[in-house]
Amino acid sequence: MSLEIAPFLKQAHPVIPVLAVEHVEDAVPLAEALQAGGIEVVEVTLRTEQALAVIKAMKQVKGMVVGAGTVVRASQFRDLEDVKADFVVSPGATPQLLETGRVSRMPFLPAVATVSEVLKGMEVGYDCFKFFPASVLGGPAALKALRGPLPDITFCPTGGISLANCGDYLSLPNVACVGGSWIVPGDALKTRDWSRIEQLAREASSLRG
Ligand SMILES: O=C[C@H](O)COP(=O)(O)O
Ligand SMILES: CC(=O)C(=O)O
């Protein structure tokens, strides 16, 4: 159960906004703007003080699937269970995170940057990984190369992805979804420009394959 991440990530749209939300009062209008633009899965990074409260608030918006990102310690899983996060994402994969994710009720997406890291995750039972930071690691060409030795593994590339290059990733058979911050730019969130965020979400939605 805890390893079945792909159905959650694909539930509404293969483009997942990666969010850093400072103010809990922005959670609901932000989720509603994304939903109006056609996106119903988000990754709320634990990079802000309010992140847990933001997850809890966004989960009140009917239809939203709300995951947590930037999970770097196994102990953070407990807080995420309390706020009923729908899934958990890490920018890396330590043995402790892999094991905690394996037994958690929340689907877990660990991140890899090398073949050896994929193999270590496979040993624990994982077959879906974040590929981070994707553009620095070689982008779509690197993912194409990984498919040779690892044909049954799927990836969620994140890092350096934009509307312009998103399609290059999503067209690959071993890419389940992509993550990115471009859909919710920091300045749009700061000025509460919900219509711009809705428009950016709509553009990303149009990429549905
Ligand atoms: O740490 C970065 C996030 O994972 C998203 O990356 P991005 O800002 O390049 O889209
Ligand atoms: C890199 C990323 O998406 C994370 O911080 O979880």
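The model is a predicted one.

Start with the six-stranded sheet. Its strands run in the order β5-β4-β3-β2-β1-β9. The sheet is open, and its pairing is parallel. Which strands stand at the edges? They are β5, residues 108-109, and β9, residues 178-180. Each has a single partner strand, so one side of each has no neighbour in the sheet. Look next at the β9 end of the order. Here β9 pairs with β1, which covers residues 15-19. The two strands are joined in the parallel sense by three bridges. Within this pair, Ile16 stands opposite Gly179 of β9.

There is also a three-stranded sheet. Its order is β6-β7-β8. This sheet too is described as open, with parallel pairing. The edge strands are β6, at 111-112, and β8, at 154-157. Each of them has a single partner strand, so one side of β6 and one side of β8 are left without a neighbour in the sheet. How many bridges join β6 to β7? There are two, and the strands run parallel. Val112 faces a residue of β7 here: it stands opposite Phe131.

Now turn to the helices. Two packed helices are described by the angle between their axes and the distance between the axes. Angles under 35 degrees would count as roughly parallel, and 65 to 115 as roughly perpendicular. On the α2 side, the contact uses Pro29, Leu30, Ala33, Leu34 and Ala36. On the α10 side, Trp194, Ile197, Glu198 and Ala201 meet them. By class, the residues of this contact are eight nonpolar, no polar and one charged.

Helix α2 packs against α3 as well. The angle between them is about 55°, and the axes lie 8 Å apart. These two helices are therefore oblique to each other. The crossing of α2 past α3 is right-handed. Ala27, Val28 and Ala31 of α2 make the contact with Val54, Ala57 and Met58 of α3. What classes do the residues of this contact fall into? Six are nonpolar, with no polar and no charged residues.

Helix α3 leads back to the six-stranded sheet. The helix, residues 51-58, lies across β2 (41-45) and β3 (65-69). It runs at about 160° to β2.

Two ligands come next. Around ligand 1 are Val18, Thr158, Gly159, Gly160, Ile161, Gly180, Ser181 and Trp182. This shell has three nonpolar, five polar and no charged residues. Around ligand 2 are Val18, Thr45, Gly69, Thr70, Val89, Ser90, Pro91, Phe132, Thr158 and Gly179. That shell holds four nonpolar, six polar and no charged residues. Val18 is listed around ligand 1, and Val18 is listed around ligand 2. Gly179, the residue opposite Ile16, is among those around ligand 2.

Thr70 has a positive phi of about 55°, although it is not a glycine. Thr70 is found in the loop between β3 and α4, the helix at 76-82. Is the peptide bond from Phe132 to Pro133 cis or trans? The bond is cis, with omega near -5°. Pro133 is found in the loop between β7 (128-131) and α7 (139-147).

Definitions and conventions. Residues are numbered from 1 along each chain as its sequence is written. Chains are lettered from A and ligands numbered from 1 in the order in which they are written. This is a predicted model: local features need pLDDT of at least 70, side-chain atom pairs count only at pLDDT 80 or more; totals for chains, interfaces and linings use all residues. Two residues are in contact if their C-beta atoms, placed from the backbone, lie within 7 Å. Helices (H or I, at least four residues) and strands (E, at least two) are DSSP runs, numbered from the N terminus. Ala, Val, Leu, Ile, Met, Phe, Trp, Tyr, Cys and Pro count as nonpolar, Asp, Glu, Lys and Arg as charged, and the others, Gly among them, as polar. Two strands pair if DSSP finds at least two bridges between them. Axes are lines fitted to C-alpha atoms, for helices over the stretch in contact, and angles run from 0 to 180 degrees between N-to-C directions. A residue is near a molecule or strand if its C-beta atom, placed from the backbone, lies within 6 Å of it. Angles under 35 degrees count as roughly parallel, over 145 as roughly antiparallel, 65 to 115 as roughly perpendicular and the rest as oblique. A crossing is left-handed if the near helix is turned anticlockwise from the far one by less than a right angle, and right-handed if clockwise.
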